[in-house]
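Here are my notes on this model, written for a first read. Please keep the structure open beside them and check each point as you go.

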Amino acid sequence: MASHKTAQIRLVSSHDEVYEPCDDSFALVDALLADRTNLLEHHPTMCMEIGCGSGYVLTSLALILGQEGNGVNYIATDINPHAVKVTRETMEAHGVHAELIITDIASGLENRLAGLVDVMVVNPPYVPTPEDEVGSEGITSSWAGGENGRSVIDRILPVADNLLSKKGWLYMVTLTANNPSEICGEMRKKGYASKIVVQRSTEEESLHIIKFWKDLNIEIEELNDQSSTGFMGSLLAQIPLLSSWRSNNSDNKC
């Protein structure tokens, strides 16, 4: 079996209350494939998915890492117990394994996993919906994102910052309505650089798979900007963010 093979749809388990692999799932896996060489050179020891759903993405990540990923620990969470069961079945069908936990984002794992996750993948609930649909039971929880689709994303970002290791990478699915440039800006404040790995438009939505990684140069730049020019320097520092976002270059930095 080729080490870069992704999960086979025919082997992905399913349940009426679990989100099946769709355009966003495929785009996220394509981003991992596009970054495969870097992932192999990264030598992760802990990979995590928040909101594992069908298990298609985490299973694909394990297969992408292949033999080079021997010794990697995989962990996944989902608030939907049916999703955890389906993910377990999907992974077993492909001969890979992970620790699976029923929880909201990473509740209860903050101390145990703090600073240990080298690769995190997230296909969050990003669809703009009424706030009262966020966190609903069953399949609705997989897409209901509240106002601007950001309610769950904004809760995930600080958790990711806490769990990611010093060399940690985060791959996240975003929708244009989520204001991805603003998300990049929020992560920049935490010391993360970012770039769009995959950009894809469907009939219903425009998806961006963004990769975040810690960059000490950003922290130095921010300190210099704030010390030399104060608020205005900090504000001007955001202009490259916005201008680069408008470019259609799929390897573009946010």
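1. **Terms for strands.** Two strands pair if DSSP finds at least two bridges between them. Helices (H or I, at least four residues) and strands (E, at least two) are DSSP runs, numbered from the N terminus. With that in hand, look at V121: this residue stands opposite Y171 in β5.

2. **What kind of model this is.** The model is predicted: local features need pLDDT of at least 70, side-chain atom pairs count only at pLDDT 80 or more, and totals for chains, interfaces and linings use all residues. Residues are numbered from 1 along each chain as its sequence is written, and side-chain values use heavy atoms, with hydrogens and water left out.

3. **The whole chain.** There are 9 helices and 7 strands in the chain. Of its 254 residues, 50% are buried. Buried means under 20% relative accessible area, exposed over 50%, and partly exposed in between (1.4 Å probe, protein chains only). The accessible surface is about 11900 Å², and carbon and sulfur atoms hold 50% of that surface. These areas come from the Shrake-Rupley method with a 1.4 Å probe; for residues, only the protein chains shown count as cover.

4. **Contacts along the sequence.** A contact means heavy atoms within 4.5 Å. Take the contacts in the chain with a separation of 6 or more: 74% of them join residues 24 or more positions apart.

5. **The core.** Which residues have the most contacts inside the largest nonpolar core? They are M48, L61, M120, L170 and F212, in a core of 65 residues. Helix α3 (residues 56-65) supplies the largest share of this core, 8 residues. A nonpolar core is a set of buried Ala, Val, Leu, Ile, Met, Phe, Trp, Tyr and Cys residues joined through side-chain atoms within 4.5 Å. In soluble globular proteins, nonpolar side chains tend to be buried together. M120 is worth a click: beyond its neighbours within four places in sequence, its contacts are M48, I50, A160, L163, L164, W169, L170 and Y171.

6. **β1, β2 and β3.** β1 and β2 are parallel partners, with 5 bridges. Across that pair, M48 stands opposite I75 in β2. β2 also runs parallel to strand β3 (residues 99-102), joined by 4 bridges. There, D78 stands opposite I102 in β3. Between β2 and β3 the chain passes through helix α4 (residues 81-93), in a right-handed β-α-β crossover. Right-handed means that, with the strands pointing away from the viewer, the path from the first strand over the helix to the second runs clockwise. Strand β2 (residues 73-78) is mostly covered, with 5 of 6 residues buried.

7. E49 sits in strand β1. Is E49 buried or exposed? E49 has a relative accessible area of 2%, so it is buried. Setting aside residues up to four places away in sequence, E49 touches V57, L58, I75, A76, T77 and V121. E49 and T77 are 28 residues apart in sequence, yet 6.5 Å apart in space, C-alpha to C-alpha. T87 lies in helix α4. Its relative accessible area is 0%, so T87 is buried.

8. **β4, α6 and β5.** These three elements make a right-handed β-α-β unit. β4 and β5 pair in the parallel sense over 5 bridges. The buried residues of α6 are V152, I153, I156, L157, V159, A160 and L163. They pack against several elements, including β4 (117-122) and β5 (164-175). β5 is largely enclosed by the rest of the structure, because 10 of its 12 residues are buried.

9. **The other partner of β5.** β5 runs antiparallel to strand β7 (residues 206-214), and 7 bridges join them. T174 stands opposite H208 in β7.

10. **A last residue.** H42 is placed in helix α2 (residues 36-42). H42 counts as buried because its relative accessibility is 8%. Not counting residues up to four places away in sequence, H42 touches D118, V119, K167 and W169.
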